[in-house]
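Me: I would like to learn how to read a protein model feature by feature, with the general idea given before each case. Could we work through one together?

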Amino acid sequence: MNYLKLHAKSFTWFTLIIAVALSPLFMNHLYGSFDLTFHMARISTLAQNLQAGHFPNGIHNGYMSGLGYGIGFFYGDFFLYPLAILVILGLPVYTVIRLFLALIIIGAILSMSYVTQQICQNTRASLLAAGLYGLTNYVLFAVYARGALGESLALIWVPWILLGLYDIFFQDKTKWWLLAFGFSALLVSHIISFVLMLGLALVLTILNLKRLTQTKRWLALLKAAGLALGLTAAFWGPFVQQYAAQAFTDTAYNPKTGWPLIITTGLQALGELNPWGVNSFGYVGPLLILIPLVSLGYHLLFNRRHLTGNPFLTQLFWLAALAALIVVSQSALNLTLKLLPGLRVIQVIWRFNIFIVPILVLISANSLAQLLARFQAPKLSQRLMGVILILLVANAAILLQQTHAFLRDQSKHLTQSQATNWYTVSQGEYLPVNFKKYYDPNTVNQWTLSSRQAGVRLISNNPNQTTLTTTAAAAGRPITIPKTYYLGYRYKLYQKNQLIKAGSVTLNYDGLGKVTLPPNFRGRIQITYHITTLAKIAGGISLLTWLGLLVVSLKRWHQRRPAHSA
């Protein structure tokens, strides 16, 4: 009871913030936001694979009328498996995705709050961070307007990566495992966010290289990298193998102009100060722009040793400022692309906000908490906290109202039937490049592919097996199979129920699989998917790493028990 009384105000603060952030989910419907139907399709097709007993398999067979889409090789399914199981148990995908969005919002708020507490060692800063992060424009727009499930998950893990870097560079280097877990979770959530955070970590490592070498903290950094590689080998092993096997659709360029998309995605600095500017993708909003400027003025007046009162936060401040300059300045963006042409793969430059926003929240929460601490009267500080909370809620209310209107004009309501049948491939960035040119959803499907080939008939096509029969008209010719090509498909040829040949399916000119039949062959073709040898090795590495981690954790827990009991 005393604990509840002591933390009643904090509990009320968190409850109000979470309630406001989740308020769109209390409506009777969701809008068909840009990526939401794509992720619902991922969950639906993953559930179909599991129901067919097909695990593990990165190819979601339900896509494109059974042709299949290897999205699982490149866009981790790790966090989708529990959702797919709920779908199998009978929950509609529409209900499952709403539940998952709620968990993401709550996870992001709690994650940012905890990390701020650990870095700033200030409870008030922790509370402020929860509100600044959970009710900020970028977070809510990413979840509700864009429906960017992977990037929304990244909002949970990025703060943990910042904490892991802080511990290794400045605090307890024995907590290097935080960095490993943060990067592992981010890798299987969202590749682009992973790449951006890897770049940020590299720059911070260079800035702290002297500290790392003098205090032997570099060893902790290597441990974190090794553990992360081991934990996620089951994902990045097949990713690299599949990506190297063929050319995929390049969605970094405008198909009409041929120019990189990124060069036209900068934001307007003045537009960011407009509270009603939420229709702009990547919009951060005035609060996270003005508060850091106030923080800067505060530290220039009262704390001249470090710009933020914390050397790590000072480094983050300048890196966020540089990244923000690239986002809002076309000249800075053009120069950056000349120096780092590979940056175009992130498609839009405002993706930098995946680390800019958490950094601004950290700095703002820390500075506001220090500023409030300068007021001697506790009641005045509490009232000012209340004013800040009102501003945050009002800002979120404007954002959510504008987002609702924006989506109402752009999209349709999602109903349960639509949510379970819209198997959109989004931009199709993980489709074979020739297949994207060839495929027409109105005319190309598993049945038309077979009927267009003389002497070929499709018998069945499911996640476990595809079966075709052929006559003499198809003998000696290459046969296109109704499967989008990825490594791992194998075929068996049966004539008069006897196996006469087996091998690997090869890539056809149109991005589909191909099997070349022997002369005089008439019979049955069976196509099945098999996990590649490299994928098996990578999976074994991940399994051993997780088992080793479990053994070490249990051993340390057992060693601490006597001391704890005493």
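Me: How many helices and strands does the secondary structure of the protein chain come to?
Reply: Helices (H or I, at least four residues) and strands (E, at least two) are DSSP runs, numbered from the N terminus. On that basis the protein chain has 23 helices and ten strands. Residues are numbered from 1 along each chain as its sequence is written. This is a predicted model, in which local features need pLDDT of at least 70 and side-chain atom pairs count only at pLDDT 80 or more, while totals for chains, interfaces and linings use all residues, and side-chain values use heavy atoms, with hydrogens and water left out.

Me: What percentage of the residues in the protein chain is buried, and what percentage of the contacts with a separation of 6 or more is between residues 24 or more positions apart?
Reply: Buried means under 20% relative accessible area, exposed over 50%, and partly exposed in between, with a 1.4 Å probe and protein chains only; by that rule, buried residues make up 52% of the 566 residues in the protein chain. Contact means heavy atoms within 4.5 Å, and of the contacts in the protein chain with a separation of 6 or more, 75% are between residues 24 or more positions apart.

Me: Is M64 buried or exposed, and which residues does M64 touch?
Reply: M64, found in the loop between helix 3 (36-51) and helix 4 (71-74), counts as buried because its relative accessibility is 6%. Not counting residues up to four places away in sequence, M64 touches Y69, V425, L431, F435, Y439 and T484. The C-alpha atoms of M64 and T484 are separated by 9.3 Å, although these residues are 420 residues apart along the chain.

Me: Is F26 buried or exposed?
Reply: F26 is exposed, because its relative accessible area is 61%; F26 is found in the loop between helix 2 (8-22) and strand 1 (30-31). Leaving aside neighbours within four places in sequence, F26 is in contact with A19 and R98, and the C-alpha atoms of F26 and R98, 72 residues apart along the chain, are separated by 9.4 Å.

Me: At what angle do helix 9 and helix 11 pack?
Reply: Axes are lines fitted to C-alpha atoms, for helices over the stretch in contact, and angles run from 0 to 180 degrees between N-to-C directions. Helix 9 (residues 149-170) and helix 11 (residues 191-207) pack at an angle of about 15°, with their axes 11 Å apart. Angles under 35 degrees count as roughly parallel, over 145 as roughly antiparallel, 65 to 115 as roughly perpendicular and the rest as oblique, and helix 9 and helix 11 are therefore roughly parallel to each other.

Me: Which residues of helix 9 and helix 11 meet?
Reply: From helix 9, E151, A154, V158, I161, L162, L165 and F169 meet S193, M197, L200, A201, L204 and T205 in helix 11. The residues of this contact divide into ten nonpolar, two polar and one charged, where Ala, Val, Leu, Ile, Met, Phe, Trp, Tyr, Cys and Pro count as nonpolar, Asp, Glu, Lys and Arg as charged, and the others, Gly among them, as polar.

Me: What is the order of the open sheet of five strands?
Reply: Strands of a sheet pair through backbone hydrogen bonds, either parallel or antiparallel. Two strands pair if DSSP finds at least two bridges between them. The open sheet of five strands has the order 3-4-10-6-7, with antiparallel pairing, and its edge strands, each pairing on one side only, are strand 3 (456-461) and strand 7 (498-504).

Me: How many bridges pair strand 6 with strand 7?
Reply: Strand 6 (residues 489-495) pairs with strand 7 in the antiparallel sense over six bridges; R490 has S504 in strand 7 as its bridge partner, and Y494 stands opposite L499 in strand 7. The two strands form a hairpin with two residues between them, and K496 in the turn has a positive phi of about 55°.

Me: Which strands stand at the edges of the open sheet of three strands?
Reply: That sheet has the order 5-9-8, and its pairing is antiparallel. Strand 5 (478-484) and strand 8 (506-507) stand at the edges, each with a single partner strand, so one side of each is left without a neighbour in the sheet. Strand 5 and strand 9 pair over five bridges, with I479 opposite V515 in strand 9.
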